Amino acid sequence: MDCPALCASNLTEKIMPDFLPIEYPLQIPYQLRVYFTKGVFDTSNPVFRDLACSRESGNRRKTLFYIDEAVAESNPQLEQQIDGYFGHHESDLQFQGIHRIPGGESLKNDAEVVGKIYADIEKNRICRHSFVAAIGGGAVLDTVGYAAATAHRGIRHFRFPTTTLGQADAGVGVKNGVNFHHKKNFVGTFAPPFAVINDLEFLKTLPEVHMRNGYIEAIKVALIRDSGFFNWIESKVKELNRFDKETLEELVYRCAKHHVAFIATSGDPFEMGSVRPLDFGHWAAHKLEQLSDFKLSHGKAVAVGMAIDTLYSEERGYLDSQSAQRIINLLHELHFETYSDFLEQKNGSRFPYILQGLEEFREHLGGLLTITLLKRIGSRFEVHEVDTDIVLRTIKRLKML
Ligand SMILES: NC(=O)c1ccc[n+]([C@@H]2O[C@H](COP(=O)([O-])OP(=O)(O)OC[C@H]3O[C@@H](n4cnc5c(N)ncnc54)[C@H](O)[C@@H]3O)[C@@H](O)[C@H]2O)c1
Ligand SMILES: [Zn+2]
């Protein structure tokens, strides 16, 4: 929605003929780089060294690392291995140390943590010709990425996602952020990382409960972009339920590819408009995460949010019932719940808190309320109004399933 102060007639009236506006297009080329590898810190693996020494980096080689505590604990050799990798490549790379930080959403709710990272950056003299690198789940990547993007107005940043959701979605995008007053991602920036390195070996130690979270973003991207991918996920339920390595790796790769391709080709990588198809199912999900005091993981909350928006699409007659049923079945077959008690939590009023998620989503985007719905599996469209009575009906239906 245009700001009234900038509407054309208003502008022409106010322009001073002797002082024509000074306007230039400002184009800043970015390169989205997502590399897949195994054993990224084996001394024989050149991926990180080559990227860090690449021409685009201008030989910026000093790197300060942050690592998700759970990743460090489940890979006890890793920190030493990173140290060894830098030692092996010492003529090209400079190791500036590695700091452990606790993973999970509590990190994004911790008002102190970004300040601590700034202090490390200052103490280690990390400048815009150096790198900050984060190894961890989406929460660690979001937090460290935000600190890196804002310290010195932006330090080049490497991401090493270690969860399925991180490698398929959260880590390969261009956003970062932390929560404020318990509002998801209230503070953050659009700042493409210098590069993302998806080491599939990291998934080996990921607990099963987190492993499934990546499935959700894959189903989401399939629903909005690629019916063939949705059919493939349906055909691989058994393999996904036993976390078959090859199936998991293919799912992560296909989801990441869709994600990056969408950001690069949609024409709005920094979300200046109101359309956010990659956030299918997310308006309710973000509110649910908040209502649960972040006990409900992002993946689990998105499963419920997508179930709501799927049934809403059906109730409005946009999506046929058979497709809606297939989507709900797939979520259940992959062990996702499609209802949560938080959906009906209210405080005196007739309306549950979850409906506030719509306005908060609009506010976060700015402009018009824009919600992505489905007209077919693999095909989406946007609406700007939501009938809250129908939302409440879908919630009742989901409760009965
Ligand atoms: N920036 C974006 O565009 C974007 C997109 C989607 C989601 N996100 C954010 O990502 C976050 C969710 O990320 P997530 O699903 O990766 O969860 P997470 O970061 O909360 O990690 C889940 C848990 O797994 C642990 N862990 C991570 N990797 C591990 C490994 N290899 N072995 C053992 N334990 C490991 C973590 O310590 C944590 O306890 C949310 O905050 C969400 O808002 C961001
Ligand atoms: Zn998401």
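How many residues lie between β9 and β10 in their hairpin, and which turn residue has a positive phi? Two residues separate the strands, and Gly 378 in the turn has a positive phi of about 95°. The model is predicted. The count of salt bridges in it comes to 23.

- Strand β9 covers residues 371-376, and strand β10 covers residues 379-383.
- The two strands run antiparallel.
- Five bridges join β9 to β10.
- Ile 371 has Val 383 in β10 as its bridge partner.
- In a regular strand, side chains alternate between the two faces of the sheet.

**Salt bridge Asp 142–Lys 108**

- Asp 142 and Lys 108 form a salt bridge, with 2.7 Å between the closest N and O atoms.
- This pair links distant parts of the chain, with 34 residues from one partner to the other.
- Asp 142 sits in helix α7 (residues 138-150), while Lys 108 belongs to helix α5 (residues 105-109).
- Asp 142 has a relative accessible area of 13%, so the residue counts as buried.
- Lys 108 is also buried, because its relative accessibility is 4%, under the 20% cut-off.

**Salt bridge Glu 249–Lys 245**

- The side chains of Glu 249 and Lys 245 meet in a salt bridge at 3.7 Å, N to O.
- Both residues lie in helix α13 (residues 245-265).
- They are four residues apart there, so about one helical turn separates them.
- Glu 249 is buried, at 17% relative accessible area.
- Lys 245 is partly exposed, at 47% relative accessibility.

- Arg 393 and Glu 315 meet through their side chains in a salt bridge of 3.0 Å, N to O.
- The pair ties together distant parts of the chain, 78 residues apart.
- Arg 393 is in helix α18 (residues 388-400), and Glu 315 is in helix α15 (residues 298-315).
- Arg 393 has 43% relative accessibility, so this residue counts as partly exposed.
- Glu 315 is partly exposed as well, with a relative accessible area of 25%.

Technical notes. Residues numbered from 1 in each chain as written. Chains lettered and ligands numbered in written order. Predicted model: local features only at pLDDT ≥ 70, side-chain atom pairs only at ≥ 80, totals over all residues. Heavy atoms only, no water. Salt bridge = Lys/Arg side-chain N within 4 Å of Asp/Glu carboxyl O. Buried < 20%, exposed > 50% of the residue type's maximum accessible area, 1.4 Å probe, protein only. Pairing = 2+ DSSP bridges.
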